[in-house]
Amino acid sequence: MIKRNTIQCSLVLEAVNKLVGHSTADEIYDAIVKEHPTISRGTVYRNLNRLAETGQILKIEIPDGPDRFEHRSREHYHITCEQCGQVFDVDMDYIFDLEKKIRDTHGFQFTGHSILFKGICPKCHKDSHDNLASRDMSSNAHAGA
């Protein structure tokens with residue numbers, strides 16, 4: 001099958017590069033449809049997957065959440081915030097030969113790996129502490145009344 005570089009594919013790649021983050025397919029579609037209202041959601045989804053398959057963008061599969069796409073196509077790790085769902089890059093070297101360290105007893109031929117860390121982002125951490133502090137102050141005010 002011949003893979004053509006279509007105008008729609010270029011629009012999708014341009015949007016991913018412009019958004020410069022870990023965007024969902026819906027966010028990318030919303031960015032494109034503002035200037036190109038005739039493009040379909042299916043066309044955007046199809047081209048995102050095609051660009052990921054050809055290594056022009058990176059597709060990050062998020063368990064229990066929508067896949068994310070980003071302009072950095074080199075392999076690296078990510079962390080997702082358990083509270084807000086945002087995805088961030090992790091500053092560590094990618095372990096290219098990790099699969100060679102696995103003792104396989106099931107007969108698998110390993111083809112790669114994907115590791116997604118989870119935690120609480122700084123904004124959510126601050127927000128939860130601010131909420132606790134304001135609740136404590138509110139409780140103390142009511143107790144003294």
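Reply: In this predicted model, helix H1 (residues 7-19) packs against helix H3 (residues 41-53) at an angle of about 75°, and their axes are 9 Å apart. An angle from 65 to 115 degrees counts as roughly perpendicular, so H1 and H3 are roughly perpendicular to each other. On the H1 side the contact is made by Gln8, Cys9, Val12, Leu13 and Val16. H3 contributes Thr43, Val44, Asn47, Leu48, Arg50 and Leu51. By class, the residues of this contact are seven nonpolar, three polar and one charged.

H1 also packs against helix H2 (residues 25-33), here at an angle of about 110° and with the axes 9 Å apart. H1 and H2 are therefore roughly perpendicular to each other. Leu11, Val12, Ala15, Val16 and Leu19 of H1 meet Glu27, Ile28, Ala31 and Ile32 of H2. The contact of H1 with H2 has eight nonpolar residues, one charged residue and no polar ones. Val12 and Val16 of H1 take part in the contact with H3 and also in the contact with H2.

Val20 is not a glycine, yet its phi is positive, at about 40°. A second residue of this kind is Asp64, with a positive phi near 60° although it is not a glycine either. Asp64 sits in the loop between strand E2 (58-60) and strand E3 (68-70). The relative accessibility of Asp64 is 88%, and the cut-off for exposed is over 50%, so Asp64 counts as exposed.

The helices belong to a chain with four helices and six strands in its secondary structure. From the N terminus on, the order of the elements is α-β-α-α-β-β-β-β-β-α. The chain has 145 residues, and 28% of them count as buried. Among contacts with a separation of 6 or more, 47% are between residues 24 or more positions apart.

H3 and E2 each supply at least two residues of its lining. The volume of the largest pocket is about 440 Å³. Its lining consists of 19 residues, and those nearest the centre are Leu58, Lys59, Ile60, Glu75 and Ser114. Sorted by class, the lining has eight nonpolar, seven polar and four charged residues.

Leaving aside neighbours within four places in sequence, Tyr77 is in contact with Phe88, Asp89, Val90, Met92, Asp93, Tyr94, Ile95, His113, Ile115 and Phe117. Tyr77 and Asp91 are 14 residues apart in sequence, with 7.8 Å between their C-alpha atoms.

At 41% relative accessibility, Gln86 counts as partly exposed. Beyond its neighbours within four places in sequence, Gln86 is in contact with Arg68, Ile79, Thr80 and Cys81. The C-alpha atoms of Gln86 and Arg68 are separated by 9.8 Å, and the two residues are 18 apart along the chain.

The loop between strand E5 (87-89) and strand E6 (116-119) contains Gly112, and Thr111 lies in the loop between E5 and E6 as well. Thr111 is exposed, with a relative accessible area of 78%, whereas Gly112 counts as partly exposed at 39% relative accessibility. From Thr111 to Glu99, 12 residues apart along the chain, the C-alpha separation is 7.8 Å. From Gly112 to Glu99, 13 residues apart along the chain, the C-alpha separation is 6.7 Å.

To return to the part you asked about, H1 packs against H3 at about 75° and against H2 at about 110°.

Note on methods
Residues are numbered from 1 along each chain as its sequence is written. This is a predicted model: local features need pLDDT of at least 70, side-chain atom pairs count only at pLDDT 80 or more; totals for chains, interfaces and linings use all residues. Side-chain values use heavy atoms; hydrogens and water are left out. Axes are lines fitted to C-alpha atoms, for helices over the stretch in contact, and angles run from 0 to 180 degrees between N-to-C directions. Angles under 35 degrees count as roughly parallel, over 145 as roughly antiparallel, 65 to 115 as roughly perpendicular and the rest as oblique. Contact means heavy atoms within 4.5 Å. Ala, Val, Leu, Ile, Met, Phe, Trp, Tyr, Cys and Pro count as nonpolar, Asp, Glu, Lys and Arg as charged, and the others, Gly among them, as polar. Buried means under 20% relative accessible area, exposed over 50%, partly exposed in between (1.4 Å probe, protein chains only). On a 1 Å grid over the protein atoms alone, a cavity is a set of points where a 1.4 Å probe fits but cannot get out, and a pocket is an open set with protein on both sides within 12 Å along at least five of seven lines; lining residues have an atom within 4 Å of a point. Grid points are joined across faces, edges and corners, and a volume is the space filled by probe spheres set on the points.
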